[in-house]
Amino acid sequence: MVREDGKRNFVLREEDGTESSVFSGSMPRQAALKAARRLDPHGSEDEAREHATEIRLREKGTDKVHIFHAWAWVDNAPDDKPDWMEGDITKGNVSKQGIEHIEE
């Protein structure tokens, strides 16, 4: 379901079928990147990619579940960061694995 601002809402779906956090984005990947940054970060991107976690995002108002491999790592903040930003930041990345349809 598309909101007035053009974004869609995606619910993080656990393996047991429960749904928790809601992430918004104009595309499923945008919402998945937001969800990936909430994972426990590793020390480097290569290490994090080796420990990728599967995340499932159900698009609200539909039966579509978008499946991603997601990973997060800690990196240095950019040199032009704002004053309030800490020295280390969490970055995330995702790789789409496919779409499933819920049959309930």
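Two strands pair if DSSP finds at least two bridges between them. Keep that in mind as you look through these close-ups of a predicted model, where local features need pLDDT of at least 70, side-chain atom pairs count only at pLDDT 80 or more, and totals for chains, interfaces and linings use all residues. Residues are numbered from 1 along each chain as its sequence is written, and side-chain values use heavy atoms, with hydrogens and water left out.

**View 1. Five strands form an open sheet.** The strand order is E2-E1-E3-E4-E5, and the pairing is antiparallel. E2 and E5 are the edge strands, each pairing on one side only. On average, neighbouring strands are turned by 35° against each other, direction ignored; such angles lie between N-to-C directions of lines fitted to C-alpha atoms, for helices over the stretch in contact, and run from 0 to 180 degrees. Strands here (E, at least two residues) and helices (H or I, at least four) are DSSP runs, numbered from the N terminus.

**View 2. Strands E3 and E4 run antiparallel.** Six bridges join E3 to E4. Look for Ile55, whose bridge partner in E4 is Phe68.

**View 3. Helix H1 lies across the strands E1, E2, E3, E4 and E5.** Helix H1 runs at about 135° to E5. In H1 (residues 28-36), you can find Pro28, Ala31, Ala32, Ala35 and Ala36 buried; buried means under 20% relative accessible area, exposed over 50%, and partly exposed in between (1.4 Å probe, protein chains only). Seen down the axis of H1, these buried residues fall within an arc of 145°, so they line one face of the helix. The arc is taken from the directions from the helix axis to the C-beta atoms. Their cover includes strands E1 (8-13) and E5 (88-101), counted by contact (heavy atoms within 4.5 Å).

**View 4. Arg8 and Glu59 form a salt bridge.** A salt bridge is a side-chain nitrogen of Lys or Arg within 4 Å of a carboxyl oxygen of Asp or Glu. Here the closest N and O atoms are 3.1 Å apart. The pair links distant parts of the chain, with Arg8 in strand E1 and Glu59 in strand E3, 51 residues apart. Arg8 is buried at 18% relative accessible area, and Glu59 is buried at 6%.

**View 5. In helix H2 (residues 45-50), Arg49 and Glu45 are four residues apart.** That spacing separates them by about one helical turn. Their side chains meet in a salt bridge (3.4 Å, N to O). Arg49 is partly exposed at 43%, as is Glu45 at 27%.
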